[in-house]
Amino acid sequence: MMTSNIPIILASSSRFRQQLLHKLGIEFNSLAPQIDESRQPNESIEQMVARLSLSKAQAVSSGHPNAIIIASDQTASLNGKALGKAGNYQAAFDQLKAQSGQCIKFYTGLVVYNPIEKIYLNAMDTTLVTFRQLSDTQIHNYLMAEKPYDCAGSFKSEGLGVCLLERIETLDPNALIGLPLIQLTNLLGQLGINLPITRPAAH
């Protein structure tokens with residue numbers, strides 16, 4: 001059983017993941033893991049996401065062995081090809097153009113480090129996103145409105161990006177944003193952290 005004084009660290013500098021974790025009402029610090037995120041030869045996208053999620057947790061736990069570490073990695077796949085963050089307008093336009101009418105698969109890995117037993121718990125979420133047939137004007141207008149250049153797939157499902165989509169097939173809509181909270185709640189429960197946490201009433 002975990003005690004409430006064990007610190008929790010999110011192994012990420014992503015504001016999206018930080019915002020998601022805040023939804024669970026737990027106190028945590030964020031720390032960016034310094035790892036090589038390049039894909040290994042003959043590695044599937046799902047294998048890469050699982051490996052990078054674990055590597056992030058290991059990198060942070062090595063310096064904080066007495067903390068609970070939460071780590072995640074996500075990559076989108078179009079016909080087996082990894083989709084990264086576009087970074088700029090033209091790359092995002094090209095990415096959305098290629099995704100028009102297509103089904104994109106998002107793999108979101110999750111690892112939680114248990115500092116008591118010194119073990120890593122892991123999970124994987126797979127979400128399917130089907131795009132509408134998009135015109136160049138739709139793509140341009142969307143990019144001008146939301147500028148999602150730091151998002152895998154160049155869209156934000158929680159924002160205007162929903163206008164580009166035909167359907168989303170998922171067990172957890174949070175996973176598509178970057179952190180599968182339902183599976184995270186399950187893993188934290190295995191550590192004895194049962195959410196939501198009740199707090200003493202203020203006097």
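In which loop is asparagine 79 found? Select asparagine 79 in this predicted model: the residue sits in the loop between β3 (68–78) and β4 (81–83). Its phi is near 55°, a positive value in a residue other than glycine. Most residues other than glycine have a negative phi, and most peptide bonds are trans. Asparagine 79 counts as exposed, because its relative accessibility is 68% and the cut-off for exposed is over 50%.

**The helix pair**

Next, select residues 89–99, helix α3, together with residues 136–146, helix α4. Two packed helices are described by the angle between their axes and the distance between the axes. For α3 and α4 the angle is about 135°, and the axes lie 10 Å apart. The arrangement of α3 relative to α4 is therefore oblique. The crossing of the two helices, α3 and α4, is right-handed.

To display the contact, show the side chains of Tyr89, Ala92, Phe93, Leu96 and Lys97 on α3. On α4, the corresponding selection is Asp136, Ile139, His140, Tyr142, Leu143 and Met144. Coloured by class, the contact of α3 with α4 comprises 8 nonpolar, 1 polar and 2 charged residues.

**Beyond α4**

Proceed to lysine 147, which lies in the loop between α4 and β7. Lysine 147 is not a glycine, yet its phi is positive, at about 45°. With a relative accessible area of 46%, lysine 147 is partly exposed.

**The paired strands**

Now select strand β5 (residues 103–114) and strand β6 (residues 119–131). These strands run antiparallel and are joined by 12 bridges. Within this pairing, centre the view on tyrosine 113, whose bridge partner in β6 is tyrosine 120. The hairpin of β5 and β6 has 4 residues between the strands. Lysine 118 in this hairpin adopts a positive phi near 60°.

**The final stop**

Which segment contains proline 196? Proline 196 is located in the segment after α6 (181–190). Select leucine 195 as well and inspect the peptide bond leading from leucine 195 to proline 196: this bond is cis, with omega near 0°.

Terms used. Residues are numbered from 1 along each chain as its sequence is written. This is a predicted model: local features need pLDDT of at least 70, side-chain atom pairs count only at pLDDT 80 or more; totals for chains, interfaces and linings use all residues. Side-chain values use heavy atoms; hydrogens and water are left out. Axes are lines fitted to C-alpha atoms, for helices over the stretch in contact, and angles run from 0 to 180 degrees between N-to-C directions. Angles under 35 degrees count as roughly parallel, over 145 as roughly antiparallel, 65 to 115 as roughly perpendicular and the rest as oblique. A crossing is left-handed if the near helix is turned anticlockwise from the far one by less than a right angle, and right-handed if clockwise. Contact means heavy atoms within 4.5 Å. Ala, Val, Leu, Ile, Met, Phe, Trp, Tyr, Cys and Pro count as nonpolar, Asp, Glu, Lys and Arg as charged, and the others, Gly among them, as polar. Two strands pair if DSSP finds at least two bridges between them. Buried means under 20% relative accessible area, exposed over 50%, partly exposed in between (1.4 Å probe, protein chains only).
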